[in-house]
Amino acid sequence: MSHMTMVWIWVKHGIKPHLLEGYVTSNNRGVETKTANVIGLYLNSPQNTVVFSVDEFLAIH
């Protein structure tokens, strides 16, 4: 998927991943390892694959 295709999808649906609305830390053991694994998929994904990550950690105020 091209960069411009992603930009078009984001604009069409009002998605603005570049705007940070908040920041939440985790006291989950191993969070660094899990995060590194996800980042590793982005940086070194298997050939002919698309990698998506969904954040399921909700900030509760």
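Reply: Asn48 counts as exposed because its relative accessibility is 78%, where exposed means over 50% relative accessible area, buried under 20% and partly exposed in between, with a 1.4 Å probe and protein chains only. The model is a predicted one, in which local features need pLDDT of at least 70 and side-chain atom pairs count only at pLDDT 80 or more, while totals for chains, interfaces and linings use all residues. Residues are numbered from 1 along each chain as its sequence is written, and side-chain values use heavy atoms, with hydrogens and water left out.

Asn48 belongs to the segment after H2; helices (H or I, at least four residues) and strands (E, at least two) are DSSP runs numbered from the N terminus. The backbone of Asn48 has a positive phi of about 60°, although the residue is not a glycine. Most residues other than glycine have a negative phi.

Val50 is also placed in the segment after H2. With a relative accessible area of 56%, Val50 is exposed.

Leu43 counts as exposed because its relative accessibility is 71%. Together with Val38, Ile39 and Tyr42, Leu43 forms a nonpolar surface patch of about 400 Å² of accessible area. Such patches are made of residues with over 30% relative accessible area and no salt bridge, with nonpolar side chains (Val, Leu, Ile, Met, Phe, Trp, Tyr) joined within 5 Å and like charges within 9 Å. A salt bridge requires a side-chain nitrogen of Lys or Arg within 4 Å of a carboxyl oxygen of Asp or Glu.

The protein chain as a whole has 2 helices and 0 strands. Helix H1, residues 3-13, is hardly covered, with 0 buried residues among its 11. Gly14, which follows H1, has a positive phi near 70°. Of the 61 residues of the chain, 0% count as buried. Its accessible surface is about 6300 Å², 59% of it belonging to carbon and sulfur atoms; accessible areas come from the Shrake-Rupley method with a 1.4 Å probe, and for residues only the protein chains shown count as cover.
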